[in-house]
Number of protein chains: 2
Amino acid sequence: MEQPRKRAKPGRAPAPAGRKSRPRQAEVARLAGVSQATVSLVLNARRDGKGATISEETRQRVLDAARSLGYVPDPAARRLAAARNNLLGVFSFTSTFPTDVQHSYYPFLVGVEQEAAARGYDLVLFTASSGGGPDALSRVRLADGCLFLGRHVPRAELKRLVADGFPVVHLGRREELEGLAWVGADYVSASREVVAHLADLGHRRIVLVREDDDAPASTDRQQGFLDGLDGAGLAGGPDSVLRCADPVSEVTAERVRELVAEGVTAFVAEETDTGAAWQALTGAVAGAGLSCPGDVSLALLGSPPPELAAGPVPTGFDVPRHELGAAAVRLLSAQVAGEEADEPLVACEFRAGLTAGPAPVPEP
Amino acid sequence: MEQPRKRAKPGRAPAPAGRKSRPRQAEVARLAGVSQATVSLVLNARRDGKGATISEETRQRVLDAARSLGYVPDPAARRLAAARNNLLGVFSFTSTFPTDVQHSYYPFLVGVEQEAAARGYDLVLFTASSGGGPDALSRVRLADGCLFLGRHVPRAELKRLVADGFPVVHLGRREELEGLAWVGADYVSASREVVAHLADLGHRRIVLVREDDDAPASTDRQQGFLDGLDGAGLAGGPDSVLRCADPVSEVTAERVRELVAEGVTAFVAEETDTGAAWQALTGAVAGAGLSCPGDVSLALLGSPPPELAAGPVPTGFDVPRHELGAAAVRLLSAQVAGEEADEPLVACEFRAGLTAGPAPVPEP
DNA sequence: TTGTAAGCGTTATCAT
DNA sequence: ATGATAACGCTTACAA
């Protein structure tokens with residue numbers, strides 16, 4: 001019999017002595033006295049009985065062996081073999097956990113985590129800072145799909161992922177990129193609702209204070225604001241929108257006094273990262289010596305910043321961040337499953353608040 | 001027309017319809033007229049010149065081919081072959097992202113993410129809730145190592161991981177479990193420092209208000225408190241510690257008045273989840289009609305709860321949560337690399353604050 | 001019902 | 001300096 005030539009084989013070096021390597025299917029197989037493939041079959045047995053043809057006895061032996069060894073499938077190998085990982089990626093272009101808690105994605109992640117857990121996915125946080133290189137984004141392919149969040153999107157990279165058919169969902173409206181799925185809040189309807197509320201209270205002249213930004217979140221709010229005016233039969237001339245590069249210096253007490261003198265009875269501010277518009281507005285109203293629900297009504301198109309949590313609850317709406325996160329996961333998970341699903345805009349919840357009241361009766 | 005029957009070969013199934021195939025190293029190789037291995041060598045050429053022995057010409061040809069094909073490495077294959085997942089787990093026994101932001105691990109995660117990114121790791125988020133079963137903990141093995149945080153630790157499961165040589169680090173002191181690595185804040189030193197500060201200000205009778213809890217975080221603070229008294233040559237009798245099951249009802253204005261009458265000039269409260277001790281203390285002092293840095297000095301062994309952020313900054317110390325997270329990742333990453341490293345306690349930073357002043361001169 | 005083996009896209013080793 | 005080739009751990013078609 002021909003002796004198998006025992007020449008040193010090419011290939012990887014043996015595992016370094018120090019660390020114990022995790023158990024693999026082969027070891028489970030050995031312990032259970034079956035073939036490695038059987039282990040795979042047992043472990044991936046579909047619950048719908050389809051294709052699962054394994055005797056209950058073997059099944060148990062394999063399961064026991066796996067448990068006693070603490071076996072867990074290697075996600076990379078699973079993925080490589082053209083199967084699923086049960087891993088969903090989360091990639092933020094800035095840090096996922098910025099030092100400044102205020103600007104963080106935390107509230108979204110709450111929803112993301114819950115929905116992911118409910119669907120049996122674990123979450124991989126791809127840390128943006130690490131790679132840096134052009135293919136930093138490409139690491140996400142380790143997961144079955146990936147959620148993206150952040151302001152500045154590397155278009156080319158993302159486009160590539162989408163083009164390759166890799167499941168991708170962006171959290172926040174993003175229509176610029178053809179074929180990119182996204183979920184977003186319905187700022188238009190919510191803003192319209194707020195304006196309708198003010199109109200119901202008798203306000204005829206309403207002014208929007210917004211920052212000088214072209215983000216969808218801003219333009220959507222303005223659109224809803226104008227829609228609202230329109231729906232109430234109110235004029236929405238150009239002077240009903242104050243677009244300020246720096247709200248704090250532009251929305252002064254004097255300016256507010258002027259506008260009120262002209263007949264404005266209600267102000268609406270958009271919510272932004274900094275909360276500048278709202279802060280400028282409330283500051284100016286107080287500075288003008290006007291009482292809030294009494295002399296003028298105020299509304300905030302969004303949630304108040306945490307540092308103002310102590311003040312009176314502003315009339316306005318809340319962005320359902322949890323729900324947005326959850327919706328994103330639903331959409332992504334549908335994509336992963338190959339179902340080209342579609343998530344509608346998520347509705348914001350109206351918040352009655354304390355800063356809006358009946359329009360003051362004009363003095364004769 | 002009779003289709004030439006392509007007999008399906010064993011092996012993997014055809015790629016799922018959605019997923020378009022991307023160029024691989026083999027195609028780059030073909031285009032560049034070299035072997036696939038050469039492509040790998042070129043693409044992974046170490047910048048330190050070590051082991052890189054490829055002619056500049058080939059190098060360029062390969063690079064060009066890769067670029068023109070838009071080649072991006074497959075992370076799954078890469079990790080599989082390299083036998084490293086570059087994945088660190090984060091497991092919290094409660095939800096990683098509790099709805100209540102206040103009690104969240106957020107501040108730690110900031111540090112964890114940064115350090116992980118710096119070391120080229122991605123993070124896998126596990127939640128106790130998602131798994132469910134008794135071997136839910138076992139899922140963490142899909143990562144190269146795992147960070148644990150939370151109050152209630154399933155000892156048996158964790159022990160198993162440690163025994164199996166799986167790299168594990170607990171965030172927060174945890175000496176009960178033999179062989180479990182952990183990182184913690186040095187509450188003892190920090191508390192001692194605060195007391196020393198008070199003693200320097202002339203206080204001779206200082207009382208600690210703490211909750212009825214046996215967590216290391218509590219006992220460490222008490223120990224540091226007593227050490228501080230001792231170091232200042234002050235008596236640390238049993239009446240210098242107020243251990244309350246319910247601080248708010250036990251630390252009353254009357255009680256404070258009594259103690260002050262007995263000669264107590266400074267109070268120290270431990271920081272807890274709820275912040276009850278500190279709130280009870282400040283409330284009682286105000287209720288007793290005492291002015292804070294004037295009549296009595298107050299110190300908080302930790303950071304004030306967010307809802308009190310508006311008040312005067314308490315004298316005390318800050319737990320370096322970012323740094324703790326980072327330290328945990330360092331320790332874990334050392335373990336993963338097989339280096340049995342050791343992280344010392346992380347120092348807390350003294351905060352001068354505004355609630356402590358010179359001891360009032362006793363009236364004759 | 002179970003075993004055999006191909007192949008996923010890399011990396012790393014040896015031989016040329 | 002480059003090319004073969006063996007792993008890496010897994011899924012799955014097909015043979016037994």
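Which residue in strand 2 of chain B does B:Leu87 stand opposite? I looked it up, and B:Leu87 faces B:Asp122 there.

**Ground rules.** I am reading a predicted model, where local features need pLDDT of at least 70, side-chain atom pairs count only at pLDDT 80 or more, and totals for chains, interfaces and linings use all residues. Residues are numbered from 1 along each chain as its sequence is written, chains are lettered from A and ligands numbered from 1 in the order written, and side-chain values use heavy atoms, without hydrogens and water.

**Strands.** I take strands as DSSP runs of E, at least two residues, numbered from the N terminus; two of them pair if DSSP finds at least two bridges between them. Strand 1 (residues 87–92) of chain B runs parallel to strand 2 of chain B, joined by six bridges. Strand 2 of chain B also pairs with strand 2 (residues 122–126) of chain A, antiparallel over three bridges. There I found A:Val124 bridged to B:Val124.

**Burial.** I call a residue buried under 20% relative accessible area, exposed over 50% and partly exposed in between (1.4 Å probe, protein chains only). Six of the six residues of strand 2 (residues 122–127) of chain B are buried, so this strand is largely enclosed by the rest of the structure. B:Asp122, B:Val124 and B:Phe126 point one way, while B:Leu123, B:Leu125 and B:Thr127 point the other.

**Cysteines.** A:Cys244 is buried at 2% relative accessible area, and B:Cys146 is buried at 0%.

Note on methods
Helices (H or I, at least four residues) and strands (E, at least two) are DSSP runs, numbered from the N terminus.
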